[in-house]
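Dear colleague,

Please find below the structure I am handing over to you. A summary of the findings follows it.

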Amino acid sequence: MRVLLTAFAQDAHLNGIVPLAWALRTAGHEVRVASQPDAIGSITRAGLTAVPVGDDHRMDDVIRTVGHGMLLHHLDRDYLENRHERLSTDYLRASNAILTSTFYPQINNESMIDGLVEFSRFWRPDLVLWEPFTFAGAVAAKAAGAAHARLLAFPDLFARTHLELRGRQAGLPPELRDDPMEEWLAYTLDRHGSTFDPDVVTGQWSVDQMPAGVRMELGLPRLPMRYVPYNGPGPAVVPEWLREPPERRRVCLTLGLTIRDTEFPNAIDLDEVLTSVGDLDVEVVATLGETELAGVSKVPDNVRVVDHVAMLALLPTCAAIVHHGGAGTWATAAAYGVPQVALGWMWDAIYRAQRLEDLGAGLHLHSEGLTVEVLRDKLVRVLDDPSFRDGARRLRRSMLLTPTPNEVVPAIEKLTARHRAATAAR
Amino acid sequence: MLTEQTNSELGRHLLTIRGVQFIFGAQGDPFARILRAGDDDPLSHGERAREQGLHESASGAWVTASHTLGARILDDPRFSARHPEEGPQHHPGVDVWENPLLCHVVPVDDARLNLEPAAYERLARIAAPLLGAGALADRAADVERVYREAVAAADARFDLYRDVAVPAALTVVAELLGLPPGGRERIAELHVGLATAFDAGHCPQQLPVARAFLEAETALSDELASLVASDRASGLVGLAGADPQDAVTIGVLAVVVGVEATATAVCNAVETLLAHPAQWERLTRDPSFAAAAVREALRLAPPLRFESRIARESVEFDGQTVEEGRRIVVLVDAANRDPEVFPEPDAFDPERPEGRSLTRTGGPADAVTANLVRMQTEAAVRVLAERRPALQIGAEVLRRARSAVLRGVLRFPAA
């Protein structure tokens, strides 16, 4: 088959689609990966065939202007901790209006959507697999008559909010149903001669890389797939110092890559983080960029600072990790059975960290509650209490039991054929 | 206005402004919260706005909930519905990420809601033989008959907005304008789109709703122009010396304001009076109480919750300068409960001195349409109190979505 994968231009979100793209390719399928021009280097560095579509998005401008208010609305604990049934309809509506006006149409800019539609009509993919914020993929699939599915690398919290709102509104008179997401997708689809269908928001099915216990079902068809770490686009090189066993227990410290190249605010005080690990009997490997380091007053002696090292090379040597709560770091640590202290304060980070804690594989520390003492205490606990190592190993084992990308390819082939047949029959 | 914008262009424009309003609302800005038109009580945002005095909202507007300031602004011709630039008032293609210009969300020019204050004053004089207090008083019996018939035709359980207020106002306006046969049915069709006229310029409507409004305002304007040109709107023919364009404008305003603002005023007045049973009971005994009852009810529940103007000169208020070109908003519902002017502001007190309420049922066009709305509203409550003295609200009154200005009625179950 011909499979078109797409993710908006942001490395953290692109990374989540790479392993399945490889699997589809080595299964003999034709594979293309489309994104805004800015992401082309990242796609080709992953060894994939890139299709630049449209102009670059302006998400950073938008975040700079309205990011504060956008985040402010989404700091409600019931939102962050996945108790959406407790949120008022008004709250859900506001969330939908904010994300649909300021985020989704920005990262799915019109020229990008139109370019993706044009390419799809030319290349005629059988299947479009899209990163869950890259609704352009669903639009292009509808316009070109392809099957389409989401490819998730983080918990499905955003779909849950939207489904919760649609469920509440189903009981209202039609004039009171207000769904900006549908409004946006309807006029976007209309531009390409198609009409809105709820599967444009949720995919005809979803390939989900979240492990059991973190994965949300939401009553949607799901194909669980093992998360196989890919930590691009930085070069994955095993340095000399990583080829010997550490003398002391090794702790990884990272704030991730997204913070380095987007305008999302960093709520984590690095000095506090470094001080809290400085007097522990551990070897710390901290991945810190130039700008991050510039704000640091002192790097303790037991901390090795590197600009970049692939997590999949570093984490198998670590006894614990302290990180910002990002999806890729979280999942890579989980895949290697490394106990985590996951900071975080926004979007899906808190839910993910709390599930980790519930599964006994680590501890959550809200970024606002970060002090030297609290972080040190949590890190010592995950290092010294063997239950965390056991919990992390259990999580790793459950991930290893999930079908690999190679193993889900036949299921994807079948689902694609079925949906193609249904579309053709219509 | 039939805009050149594609659905995607107009849709993006509306959604972006809507999102920005929500974001400013999340940051706690009272006027942004009002513009969001959520489930929360707009009066609570008005209270907070009053505490802040005359202030700049994150939305770029100056905002006041003070009665004293509000009265000055609404009576001052330096504050206009429009910017000085000729042509339709609309700001498409403005990069809201750089400069959030959140006024005139869509052009309401064909609905004639973007004229200069002096133009409305002039039109009010021209329209006096048709819409002036004296002219309408002469037709009081006709208007009352229309409402009587509408109430008589309603079932025991009925919808006050859909079954009485809108149909009666359509008939009154059609008769007043002397529309030819089929004219009433035609403005009834257009009214579906026109109902959002007061909201659409301030609170982005859903794309199909915005489109329906833009198409309806242009259709109304074109069709009235054609009727005036062929002398087939007999009520407008009689306006001595009126330029045909003025006659069209007067006709458009009679439809745009005379139907939806009237229907909202009727519903708001009835809802408020039924919430004060002693007042309703007094009305059932004394029909002459209608004028004072409506005046006080619409002070508490004005059909237009706020008024928005553009400062055409820099104007100083208590040491603060509202610069030329800036938007200024009077939160009428809050100003009407300003405790500095209204003792016990939340109490229903029909004995309050006249002339204090800032309620303007026609917005910037109020000089032209105020009598038309007022006399219909009085007739409606008088007839209802007489014919349905045991009137009750049957179930929750539902207000339209995204109706930040009117809080327009969707369902008003009554029995």
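**Findings**

Helix α17 of chain B (residues 366-387) comprises 22 residues and reaches 30 Å from its first C-alpha to its last, close to the 32 Å expected at 1.5 Å a residue, the expected span being 1.5 Å times one less than the number of residues. Helices (H or I, at least four residues) and strands (E, at least two) are DSSP runs, numbered from the N terminus.

This is a predicted model, in which local features need pLDDT of at least 70 and side-chain atom pairs count only at pLDDT 80 or more, while totals for chains, interfaces and linings use all residues. Residues are numbered from 1 along each chain as its sequence is written, and chains are lettered from A and ligands numbered from 1 in the order in which they are written.

α17(B) is mostly covered, with 18 of its 22 residues buried; buried denotes 20 or more other C-beta atoms within 10 Å of a residue's own, exposed 12 or fewer, and partly exposed in between, with C-beta atoms placed from the backbone. In chain A, helix α17 (residues 327-335) has 9 of its 9 residues buried, including A:W330 and A:T332. A:G337, with a positive phi near 70 degrees, follows α17(A).

Strand β8 of chain B (residues 327-330) is covered on both faces: B:R327 and B:V329 are buried on one side, B:I328 and B:V330 on the other. Strands pair if DSSP finds at least two bridges between them. Strand β2(B) (residues 61-64) pairs with β8(B) in the parallel sense over 4 bridges, and B:V63 stands opposite B:V329. Strand β5(B) (residues 307-311) runs antiparallel to β8(B), joined by 4 bridges, with B:I310 opposite B:R327.

Kind regards
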